[in-house]
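Here are some notes to read alongside the model. Please keep the structure open while going through them.

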Amino acid sequence: MLEGKFEESSLMKKVVDAIKDSVKLCNFNCTEHGVTVQAVDDSRVLLISLLIGEASFEEYRCDRNITLGIDLESFNKIIKNGNSSDFLTLIAEDSPDNVLIIFEDKKKDRVSEYSLKLMDLDSDFLQIDDMEFDATITMPSSEFAKITRDLKTLSESLQIIVTKENVKFSSDGDFGTGNVVLKGFVDMDKPDESIKIDMARPINLTFGAKYIADIVKGTSLSESVTIKLADKSPALFEYKLPSGFLRFYLAPKFDEEE
Amino acid sequence: MVMGVEIESERFLANRVLVDGISVTYKLLSRKLDVSISDAKKLLYGFYQSNKDKVAPIYLIAGYGYSEGSEGLKTGLTVRLIRDASKLEEVKAKFDKIESIQVFALLPLQNDISELNNVIQTNNDEAISLAALDDKNYVKWGYISGISYTEEISDDVQGKSQAALVAESKLSPAVKQPVTAKKHDLAKEKESPQPTKKQNLGEDTKSATPEPAKKPFVYVSRKNQQAQQQQQQQQQQQQAPASRPSNRNVPAAKTHPVYTSRKIKPDKVVISNDVDENEDDDMEVDDIPKKTKNAKNNKDLLSLFDDDFDDEENADHTSKSQPIMVSSETVKDEKEDLDDQMDVDNEDIPNPRDEILENQQEEEEEEEPEQPKVTTEYDEDGYLVTKANKKPEKKPEKKQAQRKKTQTASTNTNNGGPHNTNKKKQASLMAFFGKK
């Protein structure tokens, strides 16, 4: 039996919003420590790894591991019905056919109850070993979202070049080019607005802009985003949750001859 | 001639005539092998010499003084096609002087050559489909390109050349309709070929009558002309019984057969009436008052819209692409005049019509670039007529646009940047992460 109650439904709303465009169907694996999701997009370029830790819930109980095969589009339709400030409770049996989604208004005595049919989904869990990254950039998520949106208009590829002092986002399209260079700085008053660049080795990687555009949909989840890069390896984009994370692993683009 | 061509010709002729049993004319061979027509004829003759037992030639004899039968009329330059090779000597004997004997076509021996026209027609059709008729090919095939009619027509629009109008009226009757309905001075000029024709039909003694075709820029008072015309007509009527037989004796080759559509005759009449109205103005050709001229233009232009174009007329226009071209040019010219006139006197033309005119002109201008440079078609008598059109004015713009495009494309390629990123291939996550 699973019973998880969120203080606010907004977290779940944002999570679903962040991943629903990348994957349509995914398994929510509920364990005693929280809920995890691992899903790969259809083109197998972007991997989503979500952890909603036990601490994210006001109340959480999961007697045994339960897998909820959820159609995110349908789930999104239901979850939108609740107010962001409502309590959200997810209830499922041990071998569930559906999951109950209950919204409770904090001010009124209004309880909305929805049932979502579950799906039996095959999912290959990918083994993600601890990776060693050559460069780590922490920056405001909104800043990253803006850069991505702006440069995506020029080209379908987005290049990230990390040097000792700065990080350059670059886009080279048919009608023009665009470069955004950010230098690392620390804002003591607003640490979330700081830009931190840790670099062991210079990095020059190119990614599909449309995938990064999907990634930045997680912007609302966190004030900052951490980008971890390693040469010829998938990049990691991480949005931290109050207890947990939403990570995107994105395979880079390579020159054809490589 | 290159050796390769001979081998290719042998192969082509053997396949077509001996294997497929289809006739080949020199024209088709010339275009097929890209050689001059003279070479093509030689190749045909060579092939015939080596395959006399398998193929039959059609000879083409050109010469003077050909007479049909013992008492036949001897004519000037005659070109004869001899279907039966055995009758070659017989036909040759009928010529006083033979200019050339050439092999026109080769046919398989068993072929029924009674349908000679079909043979020529199918071969011509094939030849046309093989290669475009343009100046380059003309040189290659050894054709002598004719007069560029478009040039002359454009002259007449600009310089009001009488000679051009004569040529135009004789060459393309369909041209007349758009032209006659518009310009006052064009219409004025238009009238002049008619008397000339009448003169030709009449007595030859009227040598005093000016020949407009030969003196394009000499002004001849129409009053005088008309007076002479009337005189001529009177004389013709008087001498009619006597002159008719003499007309018959004139050899056909000397008179130029001119096709004039009966459809456009009423238009001519209208114009001649209009001309009569402005006859007094004609006395001063050098400075015709602009207003009168333009008023006439407008009148004629507007009459365009009153015309009922039936399907037949449309068919005439579409079948002759050049006249459409001419009409569009003249309309353009007319529009300029019209614009000038609008400044002077706005009351003459109602605005909506002007708008329609503008639209029509725009449409015509849009259509212009689509017209081919050279058009080839068969006229009513079965002759292949090639017309060279003037290059559309819009073309340079198009070319510029194309150049712009290619420039941007080339700058892109030089840039290297986007291609560097675009050339990149998206890797799959499965290459990095193994399944659990």
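The points below cover the interface between the chains and then a sheet in chain A.

1. This is a predicted model. In it, 19 residues of chain B are in contact with 31 residues of chain A.

2. The size of an interface is often given as the accessible area lost when the parts come together. Here chain B and chain A bury about 2,300 Å² between them, and 58% of that area lies on carbon and sulfur atoms. Between chain B and chain A there are zero salt bridges, while seven residue pairs across the interface are in polar contact, both residues being at pLDDT 80 or more.

3. On the side of chain B that touches chain A, the elements giving two or more residues are helix 19 (417-422), strand 7 (425-426) and strand 8 (434-435) of chain B. Helix 19 of chain B gives the most, with five residues. By class, this side has six nonpolar, eight polar and five charged residues.

4. Strand 7 of chain B also pairs with strand 20 (residues 253-254) of chain A, in the antiparallel sense and over two bridges. In this pairing, B:Lys425 has A:Phe254 opposite.

5. Within chain A, five strands make an open antiparallel sheet in the order 5-1-7-8-9. Strand 5 (57-62) and strand 9 (111-117) of chain A each have a single partner strand, so one side of each has no neighbour in the sheet. From one strand to the next, the twist averages 15°.

6. Strand 7 (residues 87-92) and strand 8 (residues 98-104) of chain A are joined by six bridges in the antiparallel sense, with A:Ala92 opposite A:Val99. Helix 2 (residues 72-79) of chain A packs on the sheet and touches strands 7, 8 and 9 of chain A. The direction of helix 2 makes about 170° with that of strand 9 of chain A.

Key: Residues are numbered from 1 along each chain as its sequence is written. Chains are lettered from A and ligands numbered from 1 in the order in which they are written. This is a predicted model: local features need pLDDT of at least 70, side-chain atom pairs count only at pLDDT 80 or more; totals for chains, interfaces and linings use all residues. Side-chain values use heavy atoms; hydrogens and water are left out. Contact means heavy atoms within 4.5 Å. Buried area is the accessible area (1.4 Å probe) that two parts lose on being put together, summed over both. A salt bridge is a side-chain nitrogen of Lys or Arg within 4 Å of a carboxyl oxygen of Asp or Glu. A polar contact is a pair of N or O atoms within 3.5 Å; within protein, one must be able to donate a hydrogen and the other to accept it, and residues adjacent in sequence count only if both atoms are side-chain atoms. Helices (H or I, at least four residues) and strands (E, at least two) are DSSP runs, numbered from the N terminus. Ala, Val, Leu, Ile, Met, Phe, Trp, Tyr, Cys and Pro count as nonpolar, Asp, Glu, Lys and Arg as charged, and the others, Gly among them, as polar. Two strands pair if DSSP finds at least two bridges between them. Axes are lines fitted to C-alpha atoms, for helices over the stretch in contact, and angles run from 0 to 180 degrees between N-to-C directions.
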